[in-house]
Structures are given as C-alpha cells and as structure tokens.
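Me: I have a structure to go through with you. Can you take it step by step?

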Amino acid sequence: SSHGSSGTNTSKSRAFENPGAWRKFFLDPDGWGCLFWDMVAGVLLFYDVIVLPLQAFSITKTDFFAAMYVITTVFWSVDMAINFCRGFEVDGLVERSLRRVSWRYLMTWLPLDLCVLSC
C-alpha cells in the first residue's frame with residue numbers, strides 16, 4: 001500500500017513521526033474526546049451566531065454576556081491549539097503526523113479561526 005503498511009497490519013493509524021513524544025497528545029477523530037469537543041463547539045457556535053450579530057445593536061451588557069465572552073474566547077483559542085493535535089482520516093487511516101496535521105490545519109481552517117478570534 002502507499003501508506004507503507006503491510007497486508008497483515010490491521011491498525012487504522014499511521015505511524016507518528018515521534019511516537020513517544022506525541023502519542024499522548026493526539027486525538028482520534030472518531031474518539032469520544034473529539035465527539036464531546038465537537039458537541040461543545042456546536043453549542044458555542046450556535047451561541048456566537050445568535051449573539052454576535054446582536055452586538056451591532058445596543059444590547060444590555062450583563063454578567064452573563066461578559067462571562068460568555070470570556071468562555072467563548074478561551075474555548076476558540078484552545079480549539080486552535082487542539083486542531084494541531086487532532087488526527088484526520090485519509091484512505092481509511094488516521095493521519096497523526098504532526099507535520100501533516102499542522103499543514104492541513106494551516107491550509108484549511110486556521111486562517112478563518114484567526115479572523116474570527118481577532119474580531
């Protein structure tokens with residue numbers, strides 16, 4: 001196969017560039033951790049889609065909105081870091097190369113994430 005695995009290897013994961021250092025930090029894209037994180041992201045994204053446009057009007061700044069501003073800013077900042085350690089599937093295998101995962105994120109979602117966080 002083009003992935004360098006033998007026919008007897010049933011593992012869904014590609015090899016790490018540095019298995020000892022990065023194995024504990026990478027998230028399986030199909031794992032419970034990613035599922036939970038994506039569910040929280042969905043809730044906060046829904047909140048942002050509703051509340052951010054309302055800021056163009058004079059809505060009352062309550063403690064709730066102040067707390068949510070901090071929570072969403074921290075969450076989306078942490079999300080950017082997590083995306084550098086989140087494997088992705090290619091041809092049925094989970095890519096966990098730090099270089100490849102980072103490059104993919106840099107070329108896809110990072111520019112949008114930076115724009116959203118800088119606003």
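Reply: Helices (H or I, at least four residues) and strands (E, at least two) are DSSP runs, numbered from the N terminus. This is a predicted model, in which local features need pLDDT of at least 70 and side-chain atom pairs count only at pLDDT 80 or more, while totals for chains, interfaces and linings use all residues. Residues are numbered from 1 along each chain as its sequence is written, and side-chain values use heavy atoms, with hydrogens and water left out.

Me: How many helices and strands in the protein chain?

Reply: The protein chain has 5 helices and 2 strands. From the N terminus, the order is α-α-α-β-β-α-α.

Me: And what share of the residues is buried?

Reply: Of the 119 residues, 28% are buried. Buried means under 20% relative accessible area, exposed over 50%, and partly exposed in between (1.4 Å probe, protein chains only).

Me: Salt bridges: how many?

Reply: There are 3. The term covers a side-chain nitrogen of Lys or Arg within 4 Å of a carboxyl oxygen of Asp or Glu.

Me: What does Arg-86 pair with?

Reply: Arg-86 bridges to Asp-38, with the closest N and O atoms 2.6 Å apart. Arg-86 is in the loop between helix H3 (63-83) and strand S1 (88-90) and Asp-38 is in helix H2, so the pair ties together parts that are 48 residues apart in sequence. Arg-86 is buried at 16% relative accessibility, while Asp-38 is partly exposed at 38%.

Me: Where does Asp-28 sit, and where is Arg-96?

Reply: Asp-28 forms a salt bridge with Arg-96, at 3.9 Å between the closest N and O atoms. Asp-28 is in the loop between helix H1 (19-22) and helix H2 (32-54), and Arg-96 is in the loop between strand S2 (93-95) and helix H4 (98-107), 68 residues apart. Arg-96 is buried, with 12% relative accessibility, and Asp-28 is partly exposed at 32%.

Me: Which residue does Glu-95 meet in a salt bridge?

Reply: Glu-95 meets Arg-100, at 3.6 Å from N to O. Glu-95 is buried at 2% relative accessibility, whereas Arg-100 is partly exposed at 40%.

Me: Switching to H3. Which residues there are buried?

Reply: Met-68, Thr-72, Phe-75, Trp-76, Asp-79, Met-80, Ile-82 and Asn-83. They cover an arc of only 155 degrees around the axis, which puts them on the same side of H3; the arc is that of the directions from the helix axis to the C-beta atoms.

Me: Why would residues point the same way?

Reply: An α-helix has 3.6 residues a turn, so residues three or four places apart point the same way.

Me: What is exposed on the other side of H3?

Reply: Asp-63 and Tyr-69 are exposed there.

Me: Which lining residues are closest to the centre of the largest pocket?

Reply: Of the 37 lining residues, the closest to the centre are Leu-45, Trp-76, Asp-79, Asp-113 and Val-116. The elements giving two or more residues to the lining are H2, H3, H4 and helix H5 (110-118).

Notes: 1 Å grid on protein atoms, 1.4 Å probe; cavity = no way out; pocket = protein on both sides within 12 Å on 5 of 7 lines; lining within 4 Å.
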